[in-house]
Amino acid sequence: MSEKQHALIFELSEPGRVSYSLPDLDVPEQSIGELVPTNYVREEPPDLPEVSELQLMRHYTSLSNRNHGVDSGFYPLGSCTMKYNPKVHEDVARLPGFAHIHPYQPVSTVQGALELMYELQNSLAEITGMDEVTLQSAAGAQGEWTGLMLIRAFHEANGDFQRTKVIVPDSAHGTNPASATVAGFDAVTVKSNDRGLVDLDHLKEVVGNDTAALMLTNPNTLGLFEEEIVEMAKVVHEAGGKLYYDGANSNAILGITRPGDMGFDVVHLNLHKTFTTPHGGGGPGSGPVGVKEELARFLPVPTVVKEEGYYRFNRESERPDSIGRIKPYYGNFGINVRAYTYIRTMGAEGLRKVSENAVLNANYMMRRLAPYFDAPYEQHCKHEFVLSGRKQKKLGVRTLDIAKRLLDFGYHPPTIYFPLNVDECMMVEPTETETKETLDAFIDAMIQIAKEAEEEPETVQEAPHETVLGRLDETTAARKPVLRYQKS
Amino acid sequence: MSLPKDLKYSKEHEWVKQEDGKVRIGITAFAQSELGDIVFVELPEVGDTIEADESFGSVESVKTVSELYAPVSGKVVEVNDELEDSPEFVNESPYEKAWMVVVEPSDASEIDKLMSADDYEKMIQED
């Protein structure tokens, strides 16, 4: 690969070269000083790159080809559910009745869009076992924060101002304690036991009359189902706390079990994970929040209601206890259209198969890889599983090296060094949309890497070998970051 | 792996050096090798009070952020400001250049509860 192929656009610049010619000026020219206050007018022209149109096309096409997404290759990033986004969703989202409308239009002219929102609210409520849903939150983390603010409003309405603590397991996503903190709570850790599940005895110790909520993913971040969830819910509810379900791992449970049936009071879903809307690269995301009836009066307004066949937004006067808006307008509507399309094209049976196959794929991979890597938990996993690179670490090959070596095979590596309670952790989530051949090819690559770690560790330690750039100096990049181009 | 005999060690991988009634605190060579290249160190300020077993700061490496747990309670009387610009000292010189804080302990018995170099070595070998 030549130098020029990964040159920055600035480095391709030649003075005077242009990609585009502006038409002749056909209106009277005005002085910039008359249009813009002089203190805002720059004295030096900006140093913009000067390239031909073809150079420009080649540069950005080459960059886009270097991108890795689900459409270009396997992406088993644990807890992120990087699954295929069916392209029919794009067709539906582009229908003029969805794409060419404005939030300030009279609702009588956008009844179809409101019907979709109403139906999506109801579908997500049914899938999660909740009574009401808001579509406003634009991401998982905003969903978490919204859910916790609802729990906070509930406790405050009951005069329970001493409930300042939110319990999170030590395997939890980092967003859980972060959301708890931003919502004004103190995060308290509950330990996992040697089976990777919440230690019920420790939970009983940390629960008390200061408990606002327990936040949990189920299956948890190790891909394991919290079998004692009903007992845990009882412990938390008896102490007056609420249960918050982080929907990050919902891909394992669709049509099989529901957070509402497990005892959860508040749920968020990541539509960009489980419901196949674009994930990564800015999404945008969507993190609807569902609640049980007793929390519904605190939901953000507006939600969509139906009255005698007519859809409308409910008013603040109808929800005086609402925590208020959490986002302008009505959530990431175009994304919600895609998620609704997914639910309708799959149907109830199809969604159940999604989870069955996601779980089957993960267990197949885990069992085939277990002889070569350390699988720390014996039980079946759900939609994802963890491996520890402990064996390879003794040979001088770290999990980071294994991840880098996978790039040579054209794979996005799994999530690494997370969850924090597993040493040299790799978290693999294959999803249901991959073929057995793809799973086998990835497994074979992992087995080859395990053999290399024993026989020729430097091949792994010095990886990647096949990428445009080799091992990046992440340390210097973090210690002395260079964040913008400067002409040398 | 270097484990100076004159230091005391905590189960959270901090070392403690006793100096005229005060203690100097840092993280062990084992801790820095587990974390990898350190890119940022967050420390308390002089005058802050720290509590044994509670977080008093954090170290960020290329792979993770890890809390620093106070081996003893007390008042912070000195902070190693050099680590702000030179976090690499934690990797290069964990027991010398990368001391983190000096504390005036409020309960001397907490120091006695810490491990000797031999006991700490046993603990990390069992892990």
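**Labels and their grounds**

Author: For residues 355–459 of chain A, UniProt lists "domain: Glycine dehydrogenase C-terminal", in an unreviewed entry. The model shown here is predicted. In that span, 50% is helix and 10% is strand, and the end C-alpha atoms lie 37 Å apart.

Reader: Which other domain feature does UniProt place on chain A?

Author: The record, again an unreviewed entry, gives "domain: Glycine cleavage system P-protein N-terminal" at residues 32–300 of chain A. Residues 32–300 of chain A are 36% helix and 12% strand, with end C-alpha atoms 46 Å apart.

Reader: How is chain A divided into domains?

Author: The division gives domain 1 (3–65), domain 2 (88–345) and domain 3 (353–478). Between the centres of domain 1 and domain 2 of chain A there are 45 Å, taken over C-alpha atoms.

Reader: What makes K393(A) and E34(B) a salt bridge?

Author: The closest N and O atoms of K393(A) and E34(B) are 2.9 Å apart. The rule asks for a side-chain nitrogen of Lys or Arg within 4 Å of a carboxyl oxygen of Asp or Glu, so the pair qualifies. The count between chain B and chain A is one salt bridge. On the side of chain B that touches chain A, α1 (29–35) and β4 (38–42) of chain B are the elements that give two or more residues. That side divides into four nonpolar, three polar and four charged residues.

Reader: How many residues are in contact between chain B and chain A?

Author: Eleven residues of chain B are in contact with ten of chain A. The two chains bury about 830 Å² between them, 45% of it on carbon and sulfur atoms. V39(B), V62(B) and K63(B) supply 49% of the area that chain B buries against chain A, more than any other three residues.

Reader: What makes T81(A) worth a remark?

Author: T81(A) is not a glycine, yet has a positive phi of about 45 degrees. Most residues other than glycine have a negative phi, and most peptide bonds are trans. T81(A) lies in the loop between α2 (53–65) and α3 (88–93) of chain A.

Definitions and conventions: Residues numbered from 1 in each chain as written. Chains lettered and ligands numbered in written order. Predicted model: local features only at pLDDT ≥ 70, side-chain atom pairs only at ≥ 80, totals over all residues. Heavy atoms only, no water. Contact = heavy atoms within 4.5 Å. Buried area = accessible area lost by both parts, 1.4 Å probe. Helix = DSSP H or I, 4+ residues; strand = E, 2+ residues; numbered from the N terminus. Nonpolar A, V, L, I, M, F, W, Y, C, P; charged D, E, K, R; others polar. Domains from an automatic or database assignment. UniProt positions renumbered as here; feature names shortened; annotations may be inferred.
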